[in-house]
Amino acid sequence: MKSEPSVYSLQDLAQAPGGTAAWDGVRNYQARNFIRDQMQPGDLAFFYHSSCAQPGIAGIMEVVSQPYPDPTALDPADEHYDPKSDPANPRWYVVDVRYQRALSEVIPLARLKQCPELAQMPLLRRGNRLSVMPVTPEQWRYILTLEC
DNA sequence: GCCAACGTTGGC
DNA sequence: GCCAACGTTGGC
């Protein structure tokens, strides 16, 4: 799950009450589908820092809620408000995530790209712009071996 | 700041 | 339903 650290970083999540926050503001249908249809409490996720000096995987968090409608989409005062989202038929979804730990060092995108084992990851596909995407168990385990 | 890649919008 | 124009993402 990607976030720009200048907007919301792993450290921000760590300092949130209970280390927990709603992963809100996702406004892409494919990413929405992953949240709404695939995520369950107990799932783990990498926190990826994008659009920054060192893009890469910064830490690990846990999904701690079922998917539910994104409240920011229904709040006219919120910058992520979507007037086309209907409370009776919500268009956008969130899950709550809880900080688990930071990696010993950020695993840079450039390092991930060097690994043939990870070539199939959507994250590494050319032109990928998804902010939420799946990681296979094999990819997950392999990435953790890159942590020194 | 540049620009490639992609998603969305809207005219037809 | 097509597709050009536009906006956004995100690495570099």
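This is a predicted model: local features need pLDDT of at least 70, side-chain atom pairs count only at pLDDT 80 or more; totals for chains, interfaces and linings use all residues.
A pair of aromatic rings is described by the distance of the centres and the angle of the planes. One of the pairs joins Tyr29 and Trp92; the ring centres are 4.8 Å apart and the planes are at 35°, so the pair is tilted. Tyr29 lies in helix α2 (residues 29-38), while Trp92 lies in the loop between β5 (68-69) and β6 (93-94), so the pair ties together parts that are 63 residues apart in sequence. Helices (H or I, at least four residues) and strands (E, at least two) are DSSP runs, numbered from the N terminus. Tyr29 is partly exposed, at a relative accessible area of 41%, whereas Trp92 is buried, at 4%. Buried means under 20% relative accessible area, exposed means over 50%, and partly exposed lies in between (1.4 Å probe, protein chains only).

Another aromatic pair is formed by Phe46 and Trp140, with ring centres 3.8 Å apart and planes at 15°, so this pair is stacked. Phe46 belongs to strand β3 (residues 44-49) and Trp140 to helix α4 (residues 137-145), so parts 94 residues apart in sequence are tied together. Phe46 is buried, with a relative accessible area of 5%, and Trp140 is buried as well, with 15%.

The structure holds 5 salt bridges, each defined as a side-chain nitrogen of Lys or Arg within 4 Å of a carboxyl oxygen of Asp or Glu. Side chains of opposite charge can pair when their charged atoms come close. Among the salt bridges is that of Asp37 with Arg36, at 2.8 Å from N to O. Asp37 is partly exposed, at 44% relative accessibility, and Arg36 is partly exposed, at 33%. A further salt bridge joins the side chains of Glu62 and Arg98, at 3.6 Å from N to O. This pair links distant parts of the chain, since Glu62 is in strand β4 (residues 56-63) and Arg98 in strand β7 (residues 96-108), 36 residues apart. Glu62 is partly exposed, with 21% relative accessible area, as is Arg98, with 36%. In the salt bridge between Glu138 and Arg141, the closest N and O atoms are 4.0 Å apart. Both residues lie in helix α4, 3 residues apart, or about one turn of the helix, and both Glu138 and Arg141 are exposed.

DNA strand B is surrounded by Tyr29, Lys84, Arg126, Gly127 and Arg129. A residue is near the strand if one of its heavy atoms lies within 4 Å of it. Of the atoms of DNA strand B that come within 4 Å of the protein, 65% belong to sugar and phosphate. An N or O atom in the side chain of Lys84 is 3.0 Å from a phosphate oxygen of DNA strand B. The residues of the surface near DNA strand B divide into 1 nonpolar, 1 polar and 3 charged.

Residues are numbered from 1 along each chain as its sequence is written, and chains are lettered from A and ligands numbered from 1 in the order in which they are written. Local features need pLDDT of at least 70, side-chain atom pairs count only at pLDDT 80 or more, and totals for chains, interfaces and linings use all residues, while side-chain values use heavy atoms, with hydrogens and water left out.

How values were computed:
A polar contact is a pair of N or O atoms within 3.5 Å; within protein, one must be able to donate a hydrogen and the other to accept it, and residues adjacent in sequence count only if both atoms are side-chain atoms. Ala, Val, Leu, Ile, Met, Phe, Trp, Tyr, Cys and Pro count as nonpolar, Asp, Glu, Lys and Arg as charged, and the others, Gly among them, as polar. Rings of Phe, Tyr and Trp (its six-membered ring) pair if their centres lie within 6.5 Å; planes under 30 degrees apart count as stacked, over 60 as edge-to-face and the rest as tilted.
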